[in-house]
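Welcome! Here is a short tour of a protein chain for someone meeting it now. Please take a look at the sequence and the model before reading on.

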Amino acid sequence: MDIHSDSYKIAALSGQEEAVEVIRQAESALAQLTGIKDVTLIAYEKTEH
């Protein structure tokens, strides 16, 4: 997968374990609901552009 955007960049969540755990829980819930084995959510943050 190749995602490009001038308005957003991948959010750096190192040191924010609570935020990462919320994302993991959401991935797990979506996998259960959809029946898709591997669901990956990507956190983005808006850039200055």
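## A nonpolar patch on the surface

Let us begin on the outside: Ile3, Tyr8, Ile10, Ile42 and Tyr44 make up a nonpolar surface patch, and together they have about 480 Å² of accessible area. Patches consist of residues with over 30% relative accessible area and no salt bridge; like charges are joined within 9 Å, and nonpolar side chains (Val, Leu, Ile, Met, Phe, Trp, Tyr) within 5 Å. A salt bridge here is a side-chain nitrogen of Lys or Arg within 4 Å of a carboxyl oxygen of Asp or Glu. Accessible areas come from the Shrake-Rupley method with a 1.4 Å probe, and for residues only the protein chains shown count as cover.

Tyr8 belongs to strand E1 (residues 8-10), and Tyr8 counts as partly exposed because its relative accessibility is 39%. Ile3 sits in the segment before E1 and is also partly exposed, at 46% relative accessibility. Setting aside neighbours within four places in sequence, Ile3 is in contact (heavy atoms within 4.5 Å) with Ile42 and Tyr44. For these labels, buried means under 20% relative accessible area, exposed means over 50%, and partly exposed lies in between (1.4 Å probe, protein chains only).

## How the model is described

This is a predicted model, in which local features need pLDDT of at least 70 and side-chain atom pairs count only at pLDDT 80 or more, while totals for chains, interfaces and linings use all residues. Residues are numbered from 1 along each chain as its sequence is written, and side-chain values use heavy atoms, leaving out hydrogens and water.

## The chain as a whole

The protein chain has one helix and two strands, in the order β-α-β from the N terminus on. Helices (H or I, at least four residues) and strands (E, at least two) are DSSP runs, numbered from the N terminus. The C-alpha trace spans about 35 × 25 × 15 Å along its principal axes.

How many of the 49 residues count as buried? The share is 6%. The chain exposes about 4,500 Å², with carbon and sulfur atoms supplying 53% of that area. Among contacts between residues at least 6 apart in sequence, 67% join residues at least 24 apart.

## Helix and loop

Val20 has its place in helix H1 (residues 17-34) and is partly exposed, with a relative accessible area of 25%. Val20 and Ile42 are 22 residues apart along the chain, and their C-alpha atoms are separated by 10 Å.

Ala12 lies in the loop between E1 and H1, and it counts as exposed because its relative accessibility is 58%.
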